[in-house]
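Visitor: I am new to this one. Please walk me through what is there.

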Amino acid sequence: MARSPCSAIYQATLPSAPPVPGRLSIRPCCGLALTNPAAARRLVTQCTVGDKAELEKPIEKRFPPFPTAMDINQIRDILPHRFPFLLVDRVIDYKPGEYAVAIKNVTINDNFFPGHFPERPIMPGVLMVEAMAQVGGIVMLQPEVGGSRENFFFAGIDKVRFRKPVIAGDTLIMRMTLIKLQKRFGIAKMEGKAYVGADLVCEGEFLMSTGSE
């Protein structure tokens, strides 16, 4: 969500030296100090007007869409998975051979919800892990890494923790980061974290087999 210049980042600070009459010190978190009273007033006015304009926007216009680094067709060109087991909808950030950030839109139409659970639709933890592994596959199945689509497998998980339930209507945001790659043996170790909004819902370490040389 776009934020106004002052949203949650500006704070008034008391100087360590005795205050000088007529001077106001406002320090943003980025470290910029305004000691000119007129500049401080302009900043406060700008923040007030910006916040009011943001609040007056219809709610459907306040949230920018996720960026697209890879769309679903590009994802399908990389991953061998297909319905009902392709669990990545869009890649929103990506650096070949290093990391990928992707989303899974969790909807009530997902085929696992009728049984998990009929009265409280919660995404199974094992499928969250699978979705994260697929994002890891997007990182690994690249020329820079040398992964093979034919020989790519999810080899293991460690230290997995589920922090909060993911329910129908959530957008699962997954980041997979390559930590270590042993090309000779075709083994990659990755760190995975999944979020709903700013809340961490799942994390763990993943082993991927990319096929040995």
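Visitor: Which residue takes a positive phi in the hairpin of β3 and β4?
Guide: That is Gly-97, with phi near 75 degrees. The hairpin has three residues between its strands. Strands here are DSSP runs of E with at least two residues, helices are runs of H or I with at least four, and both are numbered from the N terminus.

Visitor: Anything to know about where these values come from?
Guide: The model is predicted: local features need pLDDT of at least 70, side-chain atom pairs count only at pLDDT 80 or more, and totals for chains, interfaces and linings use all residues. Residues are numbered from 1 along each chain as its sequence is written, and side-chain values use heavy atoms, with hydrogens and water left out.

Visitor: Is Lys-95 buried, partly exposed or exposed?
Guide: Lys-95, which lies in strand β3, is partly exposed at 40% relative accessibility. Buried means under 20% relative accessible area, exposed means over 50%, and partly exposed is in between, with a 1.4 Å probe and protein chains only.

Visitor: And what separates the C-alpha atoms of Lys-95 and Ala-69?
Guide: The distance is 9.7 Å, and the two residues are 26 apart along the chain. Another such pair is Gln-74 and Arg-90, which are 16 residues apart in sequence and 9.0 Å apart in space, C-alpha to C-alpha.

Visitor: Where does Gln-74 lie?
Guide: Gln-74 is in helix α2, residues 72–78. Its relative accessible area is 38%, which means partly exposed.

Visitor: New topic. In what order do the six strands of the open sheet come?
Guide: The order is β3-β4-β6-β7-β8-β5, with antiparallel pairing. The edge strands are β3 (90–95) and β5, each pairing on one side only. From one strand to the next, the twist averages 20 degrees. Helix α3 packs on this sheet and touches β3, β4, β5, β6 (171–182), β7 (187–196) and β8. Its direction makes about 55 degrees with that of β6.

Visitor: What do the angles and the touching rest on?
Guide: Axes are lines fitted to C-alpha atoms, for helices over the stretch in contact, and angles run from 0 to 180 degrees between N-to-C directions. Contact means heavy atoms within 4.5 Å.

Visitor: How many residues of α3 are buried?
Guide: The count is 14 of its 16 residues, so α3 is largely enclosed by the rest of the structure. The helix covers residues 125–140 and reaches 23 Å from its first C-alpha to its last, close to the 22 Å expected. The expected span is 1.5 Å times one less than the number of residues.

Visitor: How many aromatic pairs are there?
Guide: A search of the whole structure finds two. One of them is Phe-154 with Phe-206, stacked at 5.8 Å centre to centre and 25 degrees between the planes. Phe-154 lies in strand β5 (residues 153–162) and Phe-206 in strand β8 (residues 199–209), so the pair ties together parts that are 52 residues apart in sequence.

Visitor: What counts as a pair?
Guide: Rings of Phe, Tyr and Trp (its six-membered ring) pair if their centres lie within 6.5 Å; planes under 30 degrees apart are stacked, over 60 edge-to-face, and the rest tilted.

Visitor: Last one. What is the make-up of the chain in helices and strands?
Guide: The protein chain has three helices and eight strands, in the pattern β-β-α-α-β-β-α-β-β-β-β along the sequence. Of its 213 residues, 36% count as buried.

Terms used
Pairing = 2+ DSSP bridges.
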